[in-house]
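This report goes through selected local features of one protein model. Please view the sequence and the structure first.

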Amino acid sequence: MRIIQITDLHLGQAGEYTYGIDVRANFIKILAEAKALSPELIVLTGDFCFKEPQRSIYQWALPYVERLEIPFKVISGNHDDPLILAQEFKQEHHLAGKELYYQETWDQWPVLFLDTTTAQLSKTQMDWLEQALKEIQRDTIIFMHHPPIPSGVPYMDKNHSFKTQEFISELLSKLPFRIHIFTGHYHVDKIINRGNISVYITPACFFQINQYQVDFAPDHHLIGMRIIELEGDDLLSTVHYFEGSRLA
């Protein structure tokens, strides 16, 4: 089974200045590149909107996703509104109140989708996650917007990190099976292995951040997506980069 993860779109309104980057063109391009790889599923892991969540942004993006005629899943990022996102992307059946988190099974792989819009898990979502993992008892995939552990990206770890790290680390590290976590948010390409936990940070469809500087600095303007291949009990993953689009 081939899955493509796309993240951190940061779509603006038509004509809105988005740091000289044509974010809408980037989105259209990366969807075309994704379709060319014939995936069975596309997962969009948050930050659809440039700054503040806007219903019109979701309304603009959805037809492009639907034209692919490929099943898709969505989760919310810190620049999103999970309720509006679920409404516009026809995912309301996955809502838990105003939060967008849910569970599925792919080729016998348990898959959990978390809502980290507020950079943390609510008590309700924590309880749900703990119970779900108790029942699973086998290698599991998690999609969430924020990396749940420190990731060696100084600017993001210091200023924009996940706030429920201790809970996640304690819960996952004592499980007798592997957890593969696919995230975005940091605008880098990185894999972190800690015990039974592997965190795969997927580069943005916007611009990438320098992984080594304490202060904010862009690294480059290539855009990326992650390909995930499930082959029985094996999980393979790679990132494909493409030239991004700049405004004249």
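The model is predicted, so local features are given at pLDDT of at least 70 and side-chain atom pairs at pLDDT 80 or more, while totals for chains, interfaces and linings use all residues. Residues are numbered from 1 along each chain as its sequence is written, and side-chain values use heavy atoms, without hydrogens and water.

## Helix packing

Helices (H or I, at least four residues) and strands (E, at least two) are DSSP runs numbered from the N terminus. Axes are lines fitted to C-alpha atoms, for helices over the stretch in contact, and angles run from 0 to 180 degrees between N-to-C directions.

Helix H1 (residues 23-36) and helix H2 (residues 55-66) have axes that come within 10 Å and cross at roughly 25 degrees. H1 is therefore roughly parallel to H2; angles under 35 degrees count as roughly parallel, over 145 as roughly antiparallel, 65 to 115 as roughly perpendicular and the rest as oblique. On the H1 side the contact (heavy atoms within 4.5 Å) is made by Arg24, Phe27, Ile28 and Leu31, and on the H2 side by Ile57, Trp60, Ala61, Tyr64 and Val65.

A second pair is H4 and H6, whose axes are 11 Å apart and which pack at an angle of about 10 degrees. These two helices are therefore roughly parallel to each other. H4 contributes Met126, Leu129, Glu130 and Leu133 to the contact, and H6 contributes Phe167, Ile168, Leu171 and Leu172. An α-helix has 3.6 residues a turn, so residues three or four places apart point the same way.

The buried residues of H6 are Gln165, Phe167, Ile168, Ser169, Leu171 and Leu172; buried means under 20% relative accessible area, exposed over 50% and partly exposed in between, with a 1.4 Å probe and protein chains only. Their packing partners are helix H4 (123-136), strand S9 (179-183), strand S10 (190-194) and strand S11 (197-201).

Gln165 lies in helix H6 (residues 165-173). Its relative accessibility is 18%, which means that Gln165 counts as buried. A polar atom of the Gln165 side chain lies 3.4 Å from the backbone oxygen of Phe162. Beyond neighbours within four places in sequence, Gln165 is in contact with Pro148, Ile149 and Pro150.

Pro148 belongs to the loop between strand S8 (140-143) and helix H5 (154-159). Not counting residues up to four places away in sequence, Pro148 touches Phe162, Gln165, Ile168, Ser169, Ile181, Thr183 and Val199.

## Ser76

Ser76 sits in the loop between strand S3 (72-74) and helix H3 (82-88). Leaving out residues up to four places away in sequence, Ser76 touches Gly46, Asp81, Pro82, Leu85, Asp115, Thr116, Thr117 and His145. With Thr117 there is a side-chain to side-chain polar contact at 2.8 Å. A polar contact is a pair of N or O atoms within 3.5 Å; within protein, one must be able to donate a hydrogen and the other to accept it, and residues adjacent in sequence count only if both atoms are side-chain atoms. Ser76 and Thr124 are 48 residues apart in sequence and 17 Å apart in space, C-alpha to C-alpha.

## Cysteines

How many disulfides does a search of the whole structure find? There are zero, a disulfide being a pair of cysteine sulfur atoms within 2.5 Å. For Cys49, the nearest cysteine sulfur is that of Cys205, 14 Å away. Cys205 is likewise in no disulfide, and its nearest cysteine sulfur is that of Cys49.

| Residue | Relative accessibility |
|---|---|
| Cys49 | 0% |
| Cys205 | 0% |
| Ser76 | 0% |
| Pro148 | 1% |
| Asp47 | 2% |

## Backbone angles

Most residues other than glycine have a negative phi, and most peptide bonds are trans. Asp47 has a positive phi of about 55 degrees and is located in the loop between strand S2 (41-44) and H2. Asp107 has a positive phi near 45 degrees; this residue is in the loop between strand S6 (102-106) and strand S7 (109-113).
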